[in-house]
Amino acid sequence: MVIIASSMPMFLQIENELYAPIRPKRVTKGDESPSDALLRGGIEYIEVRSLDINPFTAIGVNAEQSRFLDLFLIWCVLADAPEMSSDELLCTRKNWNRVILEGRKPGQTIGIGCDTERQPLAKVGKELFADLQRVAEVLDSINGNKQYQQVCTKLVACFEDASLTYSAQVLEQMKEKGVGGFGRELSERYREQLSSEPLEVLTEEQLQQQVEASIKRQAAMETQDSMPGAMGFEEYLHLHAGR
């Protein structure tokens with residue numbers, strides 16, 4: 001696989017090096033490549049890579065963010081979505097970058113219809129959340145609470161008050177304590193928090209068993225790779241990358 005960066009071609013040794021906000025995935029078998037696995041059995045699950053690490057929680061993501069992803073992904077399935085052209089994809093990426101780099105900018109606008117029209121980011125965002133609110137009402141009716149609707153209410157408020165966003169909160173903390181001071185405060189807090197919590201999923205004994213099993217699998221793979229007839233690196237590139 002080859003991608004172009006500036007005027008120089010760059011070869012990807014494995015397909016996983018090609019990053020995207022959301023990637024279709026299927027568990028591979030043996031030496032199968034990710035694309036071969038998709039061709040064999042279709043999409044088994046999707047990998048969502050659109051969230052930055054949330055520094056205000058010890059595990060990097062909180063329940064509120066997870067519920068938002070539930071709402072957004074369900075909406076993506078239900079909303080009308082005609083096939084996107086290459087030009088439309090480029091326009092979408094421009095909007096993506098505007099929101100990422102200058103999303104808190106007062107009066108920020110984004111392109112609609114490949115920049116044939118521009119609308120305020122806050123207006124477009126609120127219209128999207130009006131749809132998400134409908135999804136939230138259905139999910140909450142099933143769960144018997146208002147957790148998803150509360151997520152919508154909290155996030156919509158960010159369009160009116162940018163200081164409520166995580167990025168604004170991080171910036172404020174860095175101004176007050178410095179990058180190093182803020183990072184040190186978080187690391188000390190989370191170290192104390194996580195070290196005081198018992199292991200609930202795996203015990204120390206189970207973890208050690210996994211370590212030993214992993215070492216045995218590695219040894220078996222290395223033995224197989226060294227056997228006559230094993231595929232070399234150049235052969236792998238020729239087979240999977242056409243080099």
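1. A disulfide here is a pair of cysteine sulfur atoms within 2.5 Å. By that test, a search of the whole structure turns up 1 disulfide. It's the pair Cys91 and Cys114, with sulfur atoms 2.3 Å apart. As background, a disulfide is a covalent bond between the sulfur atoms of two cysteines.

2. Before going on, some housekeeping. This is a predicted model, where local features need pLDDT of at least 70 and side-chain atom pairs count only at pLDDT 80 or more, while totals for chains, interfaces and linings use all residues. Residues are numbered from 1 along each chain as its sequence is written, and side-chain values use heavy atoms, with hydrogens and water left out.

3. Back to the disulfide. The torsion about the S-S bond of Cys91 and Cys114 is about 105°, so this disulfide is right-handed. The pair links distant parts of the chain, 23 residues apart: Cys91 sits in helix H3 (residues 86–102), and Cys114 sits in the loop between strand S5 (109–112) and strand S6 (117–120). Helices (H or I, at least four residues) and strands (E, at least two) are DSSP runs, numbered from the N terminus.

4. How covered are the cysteines? Buried means under 20% relative accessible area, exposed over 50%, and partly exposed in between (1.4 Å probe, protein chains only). Cys91 comes out at 16%, so it counts as buried, whereas Cys114 at 34% counts as partly exposed. As for two other cysteines, Cys76 is partly exposed because its value is 33%, and Cys158 is buried because its value is 18%.

5. Which residues form a nonpolar patch on the surface? They are Ile22, Ile43, Ile46 and Val48, with about 330 Å² of accessible area together. Areas are from the Shrake-Rupley method with a 1.4 Å probe; for residues, only the protein chains shown count as cover. Patch members have over 30% relative accessible area and no salt bridge, with like charges joined within 9 Å and nonpolar side chains (Val, Leu, Ile, Met, Phe, Trp, Tyr) within 5 Å. A salt bridge is a side-chain nitrogen of Lys or Arg within 4 Å of a carboxyl oxygen of Asp or Glu.

6. Ile43 counts as exposed because its relative accessibility is 57%.

7. Now the whole chain. There are 8 helices and 6 strands, in the order β-β-β-α-β-α-α-β-β-α-α-α-α-α along the sequence. Of the 243 residues, 17% count as buried. The chain exposes about 17,900 Å², with carbon and sulfur atoms supplying 57% of it.
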